[in-house]
Amino acid sequence: LIGLIIVALIDAINPCAFGVLIFLMIALLNTGSRKRALRYGLIYSAIIFITYFLAGFALFNVLQRLTSARGIIYLIVGIIVLILGLIEFHDYLQARKGKDAILRISPKIKPFIEKKAKEGTLLAIMALGIIVALFELPCTGGVYLPIITLLQNQIMSIALFYLVIYNLVFILPLIIITLLVYKGMSPEIIQKWNTKEKAWMRLAASLVMILISIWLIGIGI
């Protein structure tokens, strides 16, 4: 459980997840009050939690039905995660140079985020949360995928408990950022911090992915 929480925290401190929420908060503050930004920021975080939890639960169910091929699954997932970990390390080097990463949310989605924020409806924010969660998967899935793969050995109740804990930890920084903005901190300050520190965030994620991939490949072999 402690290992799961640590890995979830590393996954949670992710430039992709931070960047979208910060952009959303800026758009909300430009169109309404801080209370509105707080409400929709928390709703957005809740939708991210629900979407990731359901995606993880669905994958867990699929993997549990493939018990006869468990070794092959470990090997395949290990190789995929290793590739993602190496790409993330490349993105760390790119971030240190101030260049764009490969694993990132496309800038083309920003007008969509701004549009949904300006709509200011509950359905718009819910739709935004679901779509952004799916777009974030290339950034965050490299850590989440192997965790779900390792959970296939657990019984349903324990796996569900771990998935809930993992995703609660994953959205914790999003909730903290939302509360900080509500209390008066400028989203631009958080955005500058995110830009400044994103290289080290990517390095931590890449190291975790590479270590987990080696573990998975070892089990698979």
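Colour the protein chain by burial: 48% of its 221 residues are buried, where buried means under 20% relative accessible area, exposed over 50% and partly exposed in between, with a 1.4 Å probe and protein chains only. This is a predicted model, in which local features need pLDDT of at least 70, side-chain atom pairs count only at pLDDT 80 or more, and totals for chains, interfaces and linings use all residues. Residues are numbered from 1 along each chain as its sequence is written, and side-chain values use heavy atoms, with hydrogens and water left out.

Next, switch to a cartoon view. The protein chain has eight helices and zero strands; helices (H or I, at least four residues) and strands (E, at least two) are DSSP runs numbered from the N terminus. The radius of gyration of the protein chain is 18 Å, close to the 17 Å from the globule rule for 221 residues, so the chain is as compact as a globular protein of that length. That radius is taken over C-alpha atoms, and the rule is 2.2 Å times the number of residues to the power 0.38.

Show the C-alpha atoms alone. Along the principal axes they fill a box of roughly 55 × 40 × 30 Å.

Now select helix α8, residues 187–220, and find S213 in it. Is S213 buried or exposed? At 0% relative accessibility, S213 counts as buried.

Then select G78, V81 and L82. Leaving aside neighbours within four places in sequence, these are the residues in contact with S213, contact meaning heavy atoms within 4.5 Å.

Finally, return to the whole protein chain. Of its contacts with a separation of 6 or more, 84% join residues 24 or more positions apart.
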